[in-house]
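Please open the structure in your viewer and keep the selection tool at hand.

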Amino acid sequence: MRPHPNERSRTMSAHKTISVIGAGAWGTALANAVANADRSVILYARDAEAAERIATTRINPKLPGIRVDDDVIVTADSTRATNARTVLLAVPAQNLRAAITTLAPKLADGTHVIATAKGIERGTRKFMTEIIAEVAPQTIAAILSGPSFADDIARGLPTAVTIASREAPDAASLAYKLGTPAFRPYHTTDVRGVEIGGAAKNVLAIAAGIVIGRKLGASALAALTTRGFAELMRFGTALGAQPETLTGLSGLGDLVLSCSSQQSRNLSFGIALGQGKTVNEASGGKLAEGSFTAEVLLEMARAQGIDMPISEAVAAVLNGQLSTGDAVDMLLARPIKAER
């Protein structure tokens, strides 16, 4: 039996629609970028009052100075937001499980669900696509990551990222759907490599911030970033990531950006730590994903026998075992060895 014309219309509309779940700065920026791809875009805000305010004023206080594109539909209706075949999850890593659990019953079979958080779930040690596959097995999980700041994307400044899905046609299709002249997604099937790059670089950016905060100089920052990348490579290749992914946008590219610009929340957080602030004071009420990822990253590294001294130092600072000064001294006291 053929579907009713209205049902066919809803299905066709869903295929042309892209939903962004999470109306923070990052989600709003992604919604603006996708709107420029000439797609129907829905931005979902969990708070009904916030959704109404953004829809009316076209301004999101979490992304000041940026107008929300007039073509972006802002809603607090999760049913409406899930009437799409491509869904971007713009929620923090530690909140992703709760978000996809709420949405899963409403997502159609074959829906592409793209995580955009850079982290690893504490407790389970699972990456974002693993959580999506576990909670919403009827969907196709993907990950979007790379050197990108919300403000740059929202303003339409040139940005290149990586999008990964297990099957090459899915990854290529998503890159095509989301891409614009200013927002350029490259695609790959190396899901794990893309996820590792984003998670590890946040922890290393905190370390870079500590170097800046303690005024150790540009030479020390360059050394820290380079040796941090060596850690990222060791960890990634041990867990099956492709080296070309780790040296690409979602690995080295994102690490360089996060260790060089104070737009990076992780770098700014590390700077504050290096200046002597406590963990709570350093956060300033803003999310630094690396502060949640450091311990689980280190747990995974130890389980695999991977040497990650910089990440270990960051974790020790965050849990109060070491001061930032002691952490630096610990790293400087390591034996001299061949570079690899």
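**A tour by selection**

Begin with Glu-121, which is buried, with a relative accessible area of 8%. Please bear in mind throughout that this is a predicted model.

The side chains of Glu-121 and Arg-97 form a salt bridge, 2.8 Å from N to O.

**Helices α5 and α6**

Now select residues 96-103, helix α5, together with residues 128-135, helix α6. How do their axes cross? They come within 10 Å and cross at roughly 30°. Because angles under 35 degrees count as roughly parallel, α5 is described as roughly parallel to α6. The crossing of α5 with α6 is right-handed.

To view the contact itself, display Leu-96, Arg-97, Ile-100 and Thr-101 of α5, which meet Met-128, Ile-131, Ile-132, Glu-134 and Val-135 of α6. Of the residues in this contact, six are nonpolar, one is polar and two are charged.

**From α6 to α9**

Select Glu-130 and Arg-192, whose side chains meet in a salt bridge of 3.2 Å, N to O. This pair links helix α6, which holds Glu-130, with helix α9, which holds Arg-192, across 62 residues. Are the two partners buried or exposed? Glu-130 counts as partly exposed, at 30% relative accessibility, whereas Arg-192 counts as buried, at 14%. A further selection shows a network: Arg-97, Glu-121, Lys-126 and Glu-134 are joined by salt bridges that share partners.

Move to Asp-70 and Arg-58, whose side chains form a salt bridge of 3.9 Å, N to O. Both residues lie in the loop between α3 (48-57) and β3 (72-75), 12 residues apart. Asp-70 is exposed, with a relative accessible area of 53%, but Arg-58 is buried, with 10%. In the whole structure, 13 salt bridges are found.

**Helix α13**

Finally, select residues 265-274, helix α13, which is mostly covered: eight of its 10 residues are buried. Among them are Asn-266, Leu-267, Phe-269 and Ile-271. What covers the buried residues of α13? The covering elements include α9 (191-213), α12 (249-258), α14 (279-283), α15 (289-304), α16 (309-318) and α17 (324-332). End the tour at Gly-276, which follows α13 and has a positive phi, near 105°.

Conventions. Residues numbered from 1 in each chain as written. Predicted model: local features only at pLDDT ≥ 70, side-chain atom pairs only at ≥ 80, totals over all residues. Heavy atoms only, no water. Axes fitted to C-alpha atoms, helices over the stretch in contact; angles between N-to-C directions. Helix = DSSP H or I, 4+ residues; strand = E, 2+ residues; numbered from the N terminus. Parallel < 35°, antiparallel > 145°, perpendicular 65-115°, else oblique. Left-handed = near helix turned anticlockwise from the far one by under 90°. Contact = heavy atoms within 4.5 Å. Nonpolar A, V, L, I, M, F, W, Y, C, P; charged D, E, K, R; others polar. Buried < 20%, exposed > 50% of the residue type's maximum accessible area, 1.4 Å probe, protein only. Salt bridge = Lys/Arg side-chain N within 4 Å of Asp/Glu carboxyl O.
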